[in-house]
Amino acid sequence: MENPHPRPLPHSRGGELHTHDPLRPHSHDPNPAPPSASPDFVLALPDGSQQSVTPDDLSRLPQTTVPNCYIVSTGHGTSGPFAFTGVTLADFVGHYWTSEWEQTEVISADGFGARLSASEVNGTTARPVLLAYAIDGQPMARAAGLVRLIVPSETDDALKQVKWVGEIRIL
Ligand SMILES: Nc1nc2c(c(=O)[nH]1)N[C@H]1C(S)=C(S)[C@@H](COP(=O)(O)O)O[C@H]1N2
Ligand SMILES: [Mo]
């Protein structure tokens, strides 16, 4: 099934990943296995700079826990409730980029990703968007998605619950 809200990619990519647009995921069976061993990811800033970020780096930023999160899919069921712990995406972006920004792209090397607007990221303060590194009080295993984007407000198809974050672009 086509994504009902297709949006064009602002940048083309080298072709090193999949040929489909990871920010327009279609309904599919979720990948069971991580695309690589390392949980480190690349942060690409609007000024063109890039840096590597580790789960340790995240754990030194303010910590937030969002309880009662569900991973919902009409196609392959619902799991939860989970309490996810991590840094809010708003705190994360604010730490690394203090100027204006409009949207962020969160992409896994397995070809799955989500695009979030600044208002979506900054506006969900009660149940904020997280970069999660722990689940139910335990460190998250790589196989379980470390580092995982958790969008608690999305409760229909899990298309924003990106496992194995490999790159975050601030735009
Ligand atoms: N990187 C990555 N994240 C992903 C997926 C995927 O294939 N790759 N599948 C999504 C889909 S369609 C679902 S239903 C959920 C499944 O999450 P779970 O493995 O924790 O149940 O992960 C989402 N996040
Ligand atoms: Mo899914």
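Modeller: Let us begin with a pair of residues: Glu105 and Arg115 are both buried, where buried means under 20% relative accessible area, exposed over 50%, and partly exposed in between (1.4 Å probe, protein chains only).

Biologist: Before we continue, what kind of model is this?

Modeller: This is a predicted model, in which local features need pLDDT of at least 70 and side-chain atom pairs count only at pLDDT 80 or more, while totals for chains, interfaces and linings use all residues. Residues are numbered from 1 along each chain as its sequence is written, chains are lettered from A and ligands numbered from 1 in the order in which they are written, and side-chain values use heavy atoms, with hydrogens and water left out.

Biologist: How do the side chains of Glu105 and Arg115 meet?

Modeller: They form a salt bridge, with N and O 3.1 Å apart; the term stands for a side-chain nitrogen of Lys or Arg within 4 Å of a carboxyl oxygen of Asp or Glu. This pair links distant parts of the chain, ten residues apart: Glu105 belongs to strand 5 (residues 103–108) and Arg115 to strand 6 (residues 113–117). Strands (E, at least two residues) are DSSP runs, numbered from the N terminus.

Biologist: Which residues are linked with them in a network?

Modeller: The network of salt bridges links Glu105, Arg115, Glu167 and Arg169. Between Glu167 and Arg169, the N to O distance is 3.2 Å.

Biologist: Why does Arg169 count as buried?

Modeller: Arg169 counts as buried because its relative accessibility is 9%. Glu167 has a relative accessible area of 11%, so Glu167 is buried too.

Biologist: How many salt bridges does the structure hold?

Modeller: There are five. One of them joins Arg60 to Asp57, with the closest N and O atoms 2.8 Å apart. Arg60 counts as exposed because its relative accessibility is 60%.

Biologist: Now to the ligand. How many residues surround ligand 1?

Modeller: Ligand 1 is surrounded by 15 residues, and the closest include Asn31, Asp110 and Lys163; a residue is near a molecule if one of its heavy atoms lies within 4 Å of it.

Biologist: Which atom of Gln161 lies 2.9 Å from a nitrogen atom of ligand 1?

Modeller: A backbone N or O atom of Gln161 does. For Ser108, a polar side-chain atom lies 3.3 Å from a nitrogen atom of ligand 1.

Technical notes:
A polar contact is a pair of N or O atoms within 3.5 Å; within protein, one must be able to donate a hydrogen and the other to accept it, and residues adjacent in sequence count only if both atoms are side-chain atoms. Helices (H or I, at least four residues) and strands (E, at least two) are DSSP runs, numbered from the N terminus.
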